[in-house]
Amino acid sequence: MELKTPLYDAHVKAGGKMVPFAGYILPVQYKAGVIKEHMAVRQEAGLFDVSHMGEILCEGEKALENLQHLLTNDFTNMVDGQARYSPMCNEHGGTVDDLIVYKKADNHYFIVVNAANKDKDFQWMLDHQLPGATFTDVSDQYAQLALQGPKAMEILRRITPEDKIPTKYYHAVFDGEVGGIPCIISKTGYTGEDGVELYAPADQAEKLWDLVLETGKDDGLIPCGLGARDTLRMEAAMPLYGHEMNDDVTPLETGLNFAVKMKKDDFIGKSAMEEAGAPTIKRVGLKVTGRGIIREEQTIYVEDASAPDGRKEIGHTTSGTHCPFLGEPVGMGLIDREYAEVGNKLIVDVRGRMVEVEIVPLPFYTRAK
């Protein structure tokens, strides 16, 4: 049976179209529709319920050593309040999940994991932990709201003291407050826009939701659902677990090299990636140049006169949709590295229809500074 977030009643009241997702019942869209929600985030602001995400504490004298062992990134030089993205790999180098680690203080870390993987991730941490630290699943204690868009910070400042707002990207304030409601306020984002995530006590979620929406209503702030969240992350070319990465795809293959520190001491998956050598596949951006929209798990070909039917299979799509702000269909795929040069023309088999695409740089969309 699917679970409900603390904001379920608020979504129903607002006319949200509720669907099962990652073990929860969540709004895929509201009355405005996906396109208007998407454009609100690009031009004004949108508010998302992401309370289905998981939160895990790592505490103890050996907390840092555990993070270094479990995760591919390096956490030795973090300051209090800083956040850092990292994959978590299995022994074969495949990706168990990707997550964000926040340093609250020495020996005290706050980890945010993907909703569909939170039970799997927590169990993985317990099964592979080193002595001297404890992992605690605190997901039920928090509701998480994401306020995103060019007007997000302006809205937030009306109800939050300036010294409680993080000033840098990938940082957080752990003793923040919004309208008197205690919150962890972080600044990471998954839409390609400016904004914050608000981690509030679960029993304060609806009060916080209503306060933020009321504060931003004259700025065009509207509630947004899963549909807009996906089209926004596609435009920003953010990788999504289960699409651009999984238990069989290494973070090096999906282009997350910046978060894999091969020079640090041993971590789970390091030896397997070393033995595999340079990746032979690469994540690429795909722009549709013909007619059609590409979806995930479609075969990608390159024209090859020597092949029996004139086409050679070189990979598959991982995500794809029509992006409202860009006004065109795009996608991502994992393909043989030798064909991954920007400008190369490829073909995607979309349920028997051949769609022409071109490799383009990632991300597709970058926010104007």
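The model is predicted. Three strands form an open sheet, and six strands form a closed barrel.

**Open sheet**
- The strand order is β1-β3-β2, with mixed pairing.
- β1 (3–4) and β2 (17–21) are the edge strands, each with a single partner, so one side of each has no neighbour in the sheet.
- β1 pairs with β3 (residues 24–29) in the parallel sense, over two bridges.
- Leu3 stands opposite Tyr24 of β3.

**Barrel**
- The closed barrel runs β15-β18-β17-β16-β19-β20, and its pairing is antiparallel.
- From one strand to the next, the twist averages 45 degrees.
- β15 (residues 281–288) and β18 run antiparallel and are joined by seven bridges.
- Val284 has Gly333 in β18 as its bridge partner.

**Helix α7**
- Ala237 follows the helix and has a positive phi, near 55 degrees.

**Packing of α2 on α7**
- Two packed helices are described by the angle between their axes and the distance between the axes.
- For α2 and α7, the angle is about 50 degrees and the axes are 8 Å apart.
- That angle makes α2 oblique to α7.
- The crossing of α2 past α7 is right-handed.
- From α2, the contact uses Val34, Glu37, His38, Val41 and Arg42.
- From α7, the contact uses Gly227, Ala228, Thr231, Leu232 and Glu235.
- By class, this contact has four nonpolar, three polar and three charged residues.
- An α-helix has 3.6 residues a turn, so residues three or four places apart point the same way.

**Gln144**
- Gln144 sits in strand β10 (residues 142–148).
- Its relative accessible area is 5%, under the 20% limit, so Gln144 counts as buried.
- Beyond its neighbours within four places in sequence, Gln144 is in contact with Phe48, Asp49, Val50, Ser51, Met53 and Glu55, among others.
- Its contacts also include Val112, Glu197, Leu198 and Tyr199.

**Backbone exceptions**
- Most residues other than glycine have a negative phi, and most peptide bonds are trans.
- Ala22 is not a glycine, yet has a positive phi of about 50 degrees.
- Ala22 lies in the loop between β2 and β3.
- Ala22 is partly exposed, at 28% relative accessibility.
- Asn107 is not a glycine either, and its phi is positive, about 70 degrees.
- Asn107 lies in the loop between β7 (95–105) and β8 (108–113).
- Asn107 is partly exposed, at 37% relative accessibility.
- The peptide bond from Leu362 to Pro363 is cis, with omega near 0 degrees.
- Pro363 belongs to the segment after β20 (353–360).

Notes. Residues numbered from 1 in each chain as written. Predicted model: local features only at pLDDT ≥ 70, side-chain atom pairs only at ≥ 80, totals over all residues. Heavy atoms only, no water. Pairing = 2+ DSSP bridges. Helix = DSSP H or I, 4+ residues; strand = E, 2+ residues; numbered from the N terminus. Axes fitted to C-alpha atoms, helices over the stretch in contact; angles between N-to-C directions. Parallel < 35°, antiparallel > 145°, perpendicular 65-115°, else oblique. Left-handed = near helix turned anticlockwise from the far one by under 90°. Contact = heavy atoms within 4.5 Å. Nonpolar A, V, L, I, M, F, W, Y, C, P; charged D, E, K, R; others polar. Buried < 20%, exposed > 50% of the residue type's maximum accessible area, 1.4 Å probe, protein only.
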